[in-house]
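Dear colleague,

Please find below the structure that I am handing over to you. My findings follow directly after it.

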Amino acid sequence: MSAVNKTYGKSIFRTIKSSLSRFVAILAIVALGVGFLAGLLSSPVDMRHSADHYYDQTRMYDARIISTLGLTEDDLATVKAVDGVEAVMPAYDTDLVLVTSQEDSASYTTRMHSLPEDTSADSESYLNQLTLIEGRMPEEAGECVIVLTKSFSGDTEWIGQTLRQDPDGEAAEGLPDEFTVVGTVRSAAYLSMESESTTAGSGTLDLIAYTVPATFDMDYYTAFYLTVENTAGMDSFSQEYEDTVQAVMDQLEPIGEERSQARYEQLVGDAQAELDDSQQQLEDAKAEIDSGWAELNQQKESFNSQTAAAQQQINDGYAQVQSGQAQLDAGKAQLDSAQAQLDQGYAQL
C-alpha cells in the first residue's frame, strides 16, 4: 500500500514538473482570487469604520425634524428637553433656482442651508460641521459657500462668483436676490451628490450651499438637526446605534403630534386675529366713510344755504343798485332840466 502511495506521489510530481508553468498559473489565479475575496470582505468593514470616524469628527446629526408648518422657539425648547437629546441645531433650508453671472450663465437648482450663529469647532450647536476646501466661511448676509462632492468636483471657479435668483422663475421668499460665493467646502451630510428631488426648478438638485442665518428673513425654522447622547462612541451602522436613536425618536413622535397641533392652532389663531383686525379696520374705515359722507352732506347743505343767502344778498344789492340807478337817472334828468332853464335864463339876459 505504501509503495502505491509512493508511486502515486512520484506520478503527481512528474505531472507538475512536466507542466510547471500551467501549475504556477493556476496557483497564481487561485491566490489572486483569494486576495480579491479577502479584500471585498474587509473593504465594507473598513469603509464603514472610516465613514463612522468621519461622521464623529464632523458631528454628523443623528436625526432630523422637519415640519411643513414651520418650527418655533417653543418647539426648540421642547426638543432640547427630551431625555437622550444631546444637542439641537435649528436651521433654515430652502430650495431655489440660482443663475451664474457669467456670460454663458448656467442655471442651478439649489438647496440653501443655514449655518448656526457660532461655527467654532467646539460650539455645542454646530452639527454637520463643514470642512473648508478653499476661500473662507460666510460672515455676512448674502455670502455663501458651495459644497463639493465626489460627483460634483467643482470644475467651475466658484469663489467670487455672484449667483442671482432666476429672474424668469418664482423668487424664493425670505432670501435676497443675489449671493456672493466666498468659499468651497465638503460636508458629511453630502458625501455624494445623489439626484435628490425638489419642487423647485428642474425638480432635481444641482447645487448645495450654506449661508449665515441673517441671510434668511423668516420668523420660523424649517428643520432641527439633533444628536443623541452616548452615540459618538458607537458604530453608526450597528444595531445598538439604531436602537439608541430610535428610543429618542419614539419619545419625539408623540411630542411632534402635540406640537404640530399647537402650531396649527397658533397659525389659525394668528390668521383669525389678523382677519378680525382686518375686519375691524374695514368697519372703522366704513364708519369713517359714512361719517365723512354725513359731514359732506351737512357741509353741502350749509354751502347751499349760504349760497342761497348770498344769492339773496346779491339780488337785494342788485335791486338796490337798480333803485339807486333810477334815482340817479331821475336826479340827472332834474339836473338837466335845471341846466336847460339856467341856460335859457342866461340867454334871455
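Strand S3 (93-100) is mostly covered, with seven of its eight residues buried; buried means under 20% relative accessible area, exposed over 50%, and partly exposed in between (1.4 Å probe, protein chains only). Helices (H or I, at least four residues) and strands (E, at least two) are DSSP runs, numbered from the N terminus. This is a predicted model, in which local features need pLDDT of at least 70 and side-chain atom pairs count only at pLDDT 80 or more, while totals for chains, interfaces and linings use all residues. Residues are numbered from 1 along each chain as its sequence is written, and side-chain values use heavy atoms, with hydrogens and water left out.

S3 runs antiparallel to strand S4 (residues 107-114), joined by seven bridges; two strands pair if DSSP finds at least two bridges between them. Here Leu 96 has Thr 110 of S4 as its bridge partner. Three bridges also join S3 to strand S7 (residues 162-165), again antiparallel, and Val 99 is partnered by Arg 164 in S7.

Five aromatic pairs were found in the whole structure (ring centres of Phe, Tyr and Trp, the latter by its six-membered ring, within 6.5 Å; planes under 30 degrees apart are stacked, over 60 edge-to-face, the rest tilted). The rings of Tyr 61 and Tyr 225 are edge-to-face, because their centres lie 5.0 Å apart and their planes are at 70 degrees. Tyr 61 is partly exposed, at 24% relative accessible area, whereas Tyr 225 is buried at 5%. Tyr 92 and Phe 216 are stacked, at 5.3 Å between centres and 20 degrees between planes; both residues are buried.

Yours sincerely
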